[in-house]
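Here is a friendly walk through a structure that may be new to you. Please keep the view open beside these points as you read.

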Amino acid sequence: MFVDKLKQAIESEYKDYYFYKSMYEKTDDALWRDFIQHAYEDEKSHYEMLQQVYYMMTGTFVTNPKKPIPCYNFKQCVKQALVDELDSVETYKELLLTVPFQQAYNPIFIAMHDEMEHAIRMSTIYNSLK
């Protein structure tokens, strides 16, 4: 169960990284670009940390995650990102409560905390759009 959820989280981080990179190109607002860049850099870090946890558990890495459909409508993408970030917080909370070994705790905690921060950033952007 833990390994399956971890694999899904890794795939989600991969998708989020590319989704945010495409969102970044859809706005000229410097603050929003900063928020989005912060998020995609975090997602890349989460992907790498969680791959290490997965490797410690299985001796393999998650291979060939799928890239998402790129962002075309900025407001819709921000809304979807907000929903996805809140879902990710729940996933990481479940993983954190079932962590099978100590070395997995910190990466999962960091990812959970960052996803909450991303949700705040996306909510801020979404609520400022007309």
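1. Let us begin with Arg 121, which is buried, with a relative accessible area of 16%. Here buried means under 20% relative accessible area, exposed means over 50%, and partly exposed lies in between, using a 1.4 Å probe and protein chains only. The side chain of Arg 121 meets that of Glu 117 in a salt bridge, with 3.0 Å from N to O. A salt bridge is a side-chain nitrogen of Lys or Arg within 4 Å of a carboxyl oxygen of Asp or Glu. Arg 121 and Glu 117 are separated by about one helical turn, because they are four residues apart in helix α4. An α-helix has 3.6 residues a turn, so residues three or four places apart point the same way.

2. A word on what you are looking at: this is a predicted model, in which local features need pLDDT of at least 70 and side-chain atom pairs count only at pLDDT 80 or more, while totals for chains, interfaces and linings use all residues. Residues are numbered from 1 along each chain as its sequence is written, and side-chain values use heavy atoms, with hydrogens and water left out. Helices (H or I, at least four residues) and strands (E, at least two) are DSSP runs, numbered from the N terminus.

3. How many salt bridges are there by this rule? The count comes to four. One of them joins the side chains of Lys 5 and Glu 94, at 2.9 Å from N to O. This pair links distant parts of the chain, with Lys 5 in helix α1 and Glu 94 in helix α3, 89 residues apart. Glu 94 counts as partly exposed, at 38% relative accessibility.

4. Lys 44 and Glu 48 are four residues apart in helix α2, so about one helical turn separates them. Lys 44 is partly exposed, with a relative accessible area of 42%, and Glu 48 is partly exposed, with a relative accessible area of 42%.

5. Now look along α2 as a whole. This helix has 29 residues and reaches 42 Å from its first C-alpha to its last, close to the 42 Å expected at 1.5 Å a residue; the expected span is 1.5 Å times one less than the number of residues. Its buried residues include Trp 32, Phe 35, Tyr 40, His 46 and Tyr 54. The buried residues of α2 pack against α1, α3 and α4, where contact means heavy atoms within 4.5 Å.

6. The two ends of α2 deserve a glance. At its start, a side-chain oxygen of Asp 29 reaches to within 2.9 Å of the backbone nitrogen of Leu 31. Just after α2, Gly 59 takes a positive phi of about 80°. Asn 64 has a phi near 55°, a positive value in a residue other than glycine. Is Asn 64 buried or exposed? Asn 64 is exposed, with a relative accessible area of 70%.

7. Next comes α3, which covers residues 74–97 and has 24 residues. From its first C-alpha to its last, α3 reaches 35 Å, close to the 34 Å expected at 1.5 Å a residue. Among its buried residues are Phe 74, Cys 77, Glu 85, Tyr 92 and Leu 96. The buried residues of α3 pack against α1 (2–24), α2 (30–58) and α4.

8. Two residues of α3 give a sense of its surroundings. At the start of the helix, a side-chain oxygen of Asn 73 reaches to within 3.2 Å of the backbone nitrogen of Lys 75. Lys 75 counts as partly exposed, at 30% relative accessibility. Leaving aside neighbours within four places in sequence, Lys 75 is in contact with Tyr 126, Leu 129 and Lys 130. Ser 88 also lies in helix α3 and counts as buried, at 9% relative accessibility. Not counting residues up to four places away in sequence, Ser 88 touches Ser 12, Asp 16 and Glu 115.

9. Finally, return to α4, which spans residues 105–128 and includes Tyr 105. Tyr 105 is partly exposed, with a relative accessible area of 31%.

Notes
Polar contact = N/O pair within 3.5 Å; in protein donor to acceptor, adjacent residues only side chain to side chain.
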